[in-house]
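Please look at the following structure, and then work through the questions below one at a time.

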Amino acid sequence: MSRGYRVELPLLAGHGTAWQDLERTDWVDWYGSAERAFDSLSAEVDQVAVCALSMGGSLAIRLAARRPVPALVLVNPSVRSNDVRMKALPVLSRVVRSLPAIGDDIAKPGMSEHAYPRTPLRAAAALTRLWKEVRHDLPHVTSPLLMFTSAVDHVVDPSSAQLIRSTIGSTDITEVGLPNSYHVATLDYDAPTIFDQTAAFVDRLTAQE
């Protein structure tokens, strides 16, 4: 905001309240929240850059495949997993309601993302369905991409970044490693790097228009 940009932080459906609310949503609801925020902001400004962390990366990719996005910034994006347990989610989610959440994967002491204490398995299963859709979207994304990946990430494995790198239709791709941060890098030691390079990236691309 100090650079003169209008910033919108949409609260996704099922988020920011209680995990039971997330349980009652699907990926289409999360994407709908992001899409409405994008369209609302697009009605007020000429260009809308999209920045996202983790699961938000999938939503951002889907947006970029369907909307004019001049700059796409992804931080430890999630589009797949090598964890074989994820394959059991469609069945397991019918008999197990929730599991303890993996939250606050942050190297910097004293920081918290205020995640839900539990992860509803119906929502986790919905995430895998979102991944499937987004993998089809990737070749259709031509937005310039800035992607940050942490050297140590206990939530998203490297296969997501590898898939994005090899499949996305963008030709302008910049990758930045984060050596001192875990998954929630925007609250971690490398946060200044993310913020400064994102601002420079958006400045460069929006100035071209």
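Q: In strand E2, which residue is the bridge partner of Cys51?
A: This is a predicted model, in which local features need pLDDT of at least 70, side-chain atom pairs count only at pLDDT 80 or more, and totals for chains, interfaces and linings use all residues. Residues are numbered from 1 along each chain as its sequence is written, and side-chain values use heavy atoms, with hydrogens and water left out. Strands are DSSP runs of E with at least two residues, helices are runs of H or I with at least four, and both are numbered from the N terminus. E1 (residues 50–53) and E2 (residues 72–75) pair in the parallel sense over 4 bridges, where pairing requires that DSSP finds at least two bridges between two strands, and the partner of Cys51 in E2 is Val73.

Q: How many nonpolar residues has the contact of H3 with H5?
A: In this contact, meaning heavy atoms within 4.5 Å, Met55 and Leu59 are among the residues of H3, and Leu127 and Trp131 are among those of H5. Ala, Val, Leu, Ile, Met, Phe, Trp, Tyr, Cys and Pro count as nonpolar, Asp, Glu, Lys and Arg as charged, and the others, Gly among them, as polar. Beside 1 polar and 4 charged residues, the contact of H3 with H5 has a nonpolar count of 8.
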